[in-house]
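Q: I've got a new structure open. Can you walk me through the sheet, the helices and the rings?

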Amino acid sequence: MVCSVCEVVPNHLHQKKTVSAIDICGKGPGISQTSFAFCVALPFLTICQVIYSQFGLAIHQNDHQARRRFVEWVQNEIAIPDFHKRILFRDEVHFWLNGYVNKQNCRIWSEANPQVYVETPLHPEKLTVWYALWAGGIIGPYFKNDEGHNVTVNGDRYRAMITNFFIPELNNHDVQELWFQQDGTTCHTARATIDLLKDTFGDRRISRFGPMNWPPRSCDLTPLDYFLWGYVKSLVYADKPQTLDHLEDNIRRVIADIRPQMLEKVIENWTSRLDYIRASRGSHMPEIIFKM
């Protein structure tokens, strides 16, 4: 008999392993899901499903429907050759000088308050970097700072970056009919920002309040999230930079060394992700499937 939850192990074994996973969670709430899987000798995907079923997951009710609608639009309704190669994905990320990893997307699972504290730097030195990526190349990096200091991104600064950096850089590339993708952050979707993007891309926008909405909470569909950030960060700290200038130089060098063949593989992987999401009726990716 196959378990209806994980479809991997029999019910009686699944129940036994579920108890083990909950026990581990109580003893060490900071332990990773990979460690869960090793401790109870079950596949990583099974552990994910067990934990999510026990504790819940912060996915909104309509997320799967929005993701299915987006995937169907890409695969069925756009009669453009190589459409997936014409989407310009954009995002920004922090690079901390000390190599600190942002814990914003980390989760500690527990039935009660785990009383776990994570130490973070009080005033970390960091660079906030913006990129745009498509199958044909990368635009950026653009370092968001004001007189040498990192600043919070707001609507005015975002539009200034688009006007003074992004559009001139885009015009330097021999590309036509690109579609612009962005998430639903407020500064990205303010009316003035949308009007500015319309001037360049017309209706070729994948964004909240655009002709096609970008599905929220879909970092598994953004090449910068599932590939670029991890790849760049795996290299820029190799020589342990001690200054922000050194870190910036490393970032520029790593980005410049990314070859078009690598980007083509990244985008081809994106189409595989669309197939998975459509087959799973909008579910999120259970694990990283990108292979270089």
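This is a predicted model: local features need pLDDT of at least 70, side-chain atom pairs count only at pLDDT 80 or more; totals for chains, interfaces and linings use all residues.

A: Start with a term: two strands pair if DSSP finds at least two bridges between them. Helices (H or I, at least four residues) and strands (E, at least two) are DSSP runs, numbered from the N terminus.

Q: OK. How many helices and strands are in the protein chain?
A: The protein chain has 10 helices and seven strands.

Q: And in what order do the strands of the open sheet come?
A: The order is β3-β2-β1-β6-β7. Five strands form this open sheet, and the pairing is mixed.

Q: Which strands stand at the edges?
A: β3 and β7 (205–206) do. Each has a single partner strand, so one side of each has no neighbour in the sheet.

Q: Is β3 buried or exposed, then?
A: Mostly buried: five of its seven residues are, so β3 is largely enclosed by the rest of the structure. Buried means under 20% relative accessible area, exposed over 50%, partly exposed in between (1.4 Å probe, protein chains only).

Q: How do β2 and β3 run?
A: They run antiparallel, joined by five bridges. The two strands form a hairpin, with two residues between them. Leu 133 has Ile 138 of β3 as its bridge partner.

Q: What about β1 and β2?
A: Eight bridges pair them, in the antiparallel sense. Arg 90 stands opposite Ala 132 in β2.

Q: Which residues of α8 are buried?
A: Pro 223, Leu 224, Tyr 226, Phe 227, Leu 228, Trp 229, Val 232 and Val 236.

Q: What do they pack against?
A: Three strands of the chain come up: β1 (87–96), β2 (126–134) and β3 (137–143). Helices α9 (244–256) and α10 (260–279) are also packed against the buried residues of α8. Contact means heavy atoms within 4.5 Å.

Q: Now the rings. How many aromatic pairs are there?
A: The count comes to 16 aromatic pairs. Rings of Phe, Tyr and Trp (its six-membered ring) pair if their centres lie within 6.5 Å; planes under 30 degrees apart count as stacked, over 60 as edge-to-face and the rest as tilted.

Q: Why is the pair of Trp 130 and Phe 166 called what it is?
A: Their centres are 5.4 Å apart and their planes are at 70°, so the pair is edge-to-face. Trp 130 lies in strand β2 and Phe 166 in helix α5 (residues 155–171), so the pair ties together parts 36 residues apart in sequence. Both residues, Trp 130 and Phe 166, are buried.

Q: And Phe 166 with Phe 201, edge-to-face or stacked?
A: The ring centres of Phe 166 and Phe 201 are 6.1 Å apart with planes at 20°, so the pair is stacked.

Q: Last one: what lies over the face of Tyr 226?
A: Arg 273, at 3.8 Å from the ring centre. A charge sits over a ring if NZ of Lys or CZ of Arg is within 6 Å of the ring centre and within 35 degrees of the ring normal.

Conventions
Residues are numbered from 1 along each chain as its sequence is written. Side-chain values use heavy atoms; hydrogens and water are left out.
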